[in-house]
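Hello,

Here is the structure I said I would pass on. My notes on it follow below; please read them with the model open.

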Amino acid sequence: MDHLSKSNTPSLENFWMPFTANRQFKAAPRLLASAEGMYYTDIDGNKVLDGTAGLWCVNAGHGRKRITEAVERQLRTLDFAPTFQMGHPVAFDFAERLAAIAPGGPDARLDRVFFTGSGSESVDTALKIAIAYQRSIGQGTRTRLIGREKGYHGVGFGGISVGGLVNNRRVFPQIPADHMRHTLDIERNAFSKGLPPHGLELAEDLERLVALHGAETIAAVIVEPMSGSAGVILPPKGYLERLRAIADKYGILLIFDEVITGFGRLGTPFATDYFGVVPDLVTTAKGITNGAIPMGAVFASRKVYDGLMNGPEGQIELFHGYTYSGHPVASAAGIATLDIYEEEGLLTRGAGLADTWQDALHSLKGLPHVADIRNLGVVGAVELTSRDGAPGARAYDVFVDCFRKGLLIRVTGDIIALSPPLIIEKEEIEKIVSILGDALKRAQ
Ligand code: PLP
């Protein structure tokens with residue numbers, strides 16, 4: 001690898017960075033130049049252990065040649081082809097491969113696949129499918145959507161409407177939606193290992209919203225089976241089962257947003273498999289191409305798909321889609337990604353790592369400022385107490401400190417989230433905990 005020096009710092013003026021304090025970042029940038037396996041290298045040549053799989057997406061680790069080669073081959077063969085009233089084999093092949101591992105298990109696989117370009121697009125697609133499905137089966141009054149406080153479903157207007165993070169919502173108008181309460185309850189559940197024992201009753205919030213709005217107005221309820229972006233919030237034991245039962249009782253579709261949990265994060269191919277609760281629609285993105293090429297997919301049950309296939313055959317059944325739905329290069333990247341996941345057992349490897357991961361994370365208990373530690377599969381969070389009058393500042397300082405010491409973590413408010421590539425070894429788990437632990441000891 002070429003040695004990269006500070007003279008390689010680009011002009012920072014023009015790129016308006018997403019979800020970033022632009023002026024703060026540009027005054028003291030952190031720039032990554034290359035990546036291989038578990039490590040990034042920054043522009044000064046420092047190695048940085050990837051504790052976040054990029055942004056919850058590089059599940060097979062960085063620089064996978066098989067994906068590179070597939071992308072290169074595909075670009076040479078068919079760089080782009082439309083999928084509106086046209087098709088190309090790669091997208092169909094990829095959908096078939098995805099169908100074979102689709103969430104739901106052998107008897108109930110959600111094996112109808114709608115391609116998108118990102119998680120946000122997957123969410124808005126799933127919400128629109130749900131509303132269109134209800135109308136198609138004669139339930140046209142069902143247009144309301146239910147989400148949950150602290151939920152993150154991307155940044156489209158649909159996603160922010162069902163989402164529950166105030167900063168993402170307060171400036172923008174929304175479509176009709178209501179929210180169940182979130183399930184974070186540190187008072188009762190702090191330092192639980194795995195699923196928290198308390199809070200099952202929060203699923204009854206769906207009953208409350210049905211009573212408030214009328215079931216006949218509600219199309220779907222969407223939740224992250226494990227919510228990542230708000231700081232790793234886990235479902236209490238039995239919660240998702242209860243949600244499924246209530247949704248069934250009232251004819252409400254259940255959508256799991258698996259943009260983070262899809263493709264092995266919990267030690268099963270999907271969170272749907274982990275919990276054994278089968279929704280009607282599952283949204284994915286990120287790990288679908290190992291983060292290498294933007295793509296997303298919505299998995300739909302046959303019931304939902306068939307419900308929309310009932311008009312005249314020459315009629316477009318769903319007026320929805322993207323120029324890049326089933327993009328050939330993204331599909332080729334996705335097929336190569338699935339090859340890697342399957343050959344290396346990465347969709348289930350997390351199950352074997354989960355105990356080591358849990359023990360390592362919980363060894364941070366007792367360090368300064370640590371208010372809670374949460375874990376599931378190969379996901380973890382360390383929640384810190386906030387500095388007086390400066391929420392988020394303490395975790396941000398820990399983030400910068402860790403980066404300087406060679407570890408990439410992610411912070412939301414005062415919560416540190418961890419989700420390393422699923423190729424991680426025990427020594428790297430120990431290294432994450434050691435660098436993070438030292439940073440916590442130094443934190444003010
Ligand atoms: N849904 C969930 C659960 C997510 O975690 C994310 C991104 O983190 C999204 C949707 C949005 O995905 P994207 O950023 O690809 O639009």
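Helix α5 (residues 119-136) supplies the largest share of the shell around the ligand, with 3 residues. Please keep in mind that this is a predicted model. There are 14 residues around the ligand, and those that come nearest are S118, G119, S120, G154 and V259. Sorted by class, the shell around the ligand holds 7 polar, 5 nonpolar and 2 charged residues.

Next, the domains. The domain assignment gives two entries: domain 1 covers 6-60 + 346-442, and domain 2 covers 69-343. Their C-alpha centres, those of domain 1 and domain 2, are 26 Å apart. Across the boundary, 34 residues of domain 1 are in contact with 29 residues of domain 2. On the side of domain 1 that touches domain 2, at least two residues each come from α2 (53-56), α14 (346-362), β11 (370-376), β12 (379-384) and β15 (415-418). Of these, α14 gives the most to that side, namely 9 residues. The side of domain 1 that touches domain 2 is made up of 17 nonpolar, 12 polar and 5 charged residues.

I also looked at two helix pairs.

The crossing of α4 past α13 is left-handed. On the α4 side the contact is made by V90, A91, D93, F94 and R97, and on the α13 side by P328, S331, A332, G334, I335 and L338. The contact of α4 with α13 counts 7 nonpolar, 2 polar and 2 charged residues.

The other pair is α15 (residues 393-404) with α16 (residues 426-442), where the packing angle is about 130° and the axes are 9 Å apart. From α15, the residues V398, D401 and C402 meet I435, L436, A439, L440 and R442 of α16. Which classes make up the contact of α15 with α16? The residues there divide into 6 nonpolar and 2 charged, with no polar ones.

Regards

Conventions: Residues numbered from 1 in each chain as written. Predicted model: local features only at pLDDT ≥ 70, side-chain atom pairs only at ≥ 80, totals over all residues. Axes fitted to C-alpha atoms, helices over the stretch in contact; angles between N-to-C directions. Helix = DSSP H or I, 4+ residues; strand = E, 2+ residues; numbered from the N terminus. Contact = placed C-beta atoms within 7 Å. Nonpolar A, V, L, I, M, F, W, Y, C, P; charged D, E, K, R; others polar. Near = placed C-beta within 6 Å. Domains from an automatic or database assignment. Left-handed = near helix turned anticlockwise from the far one by under 90°.
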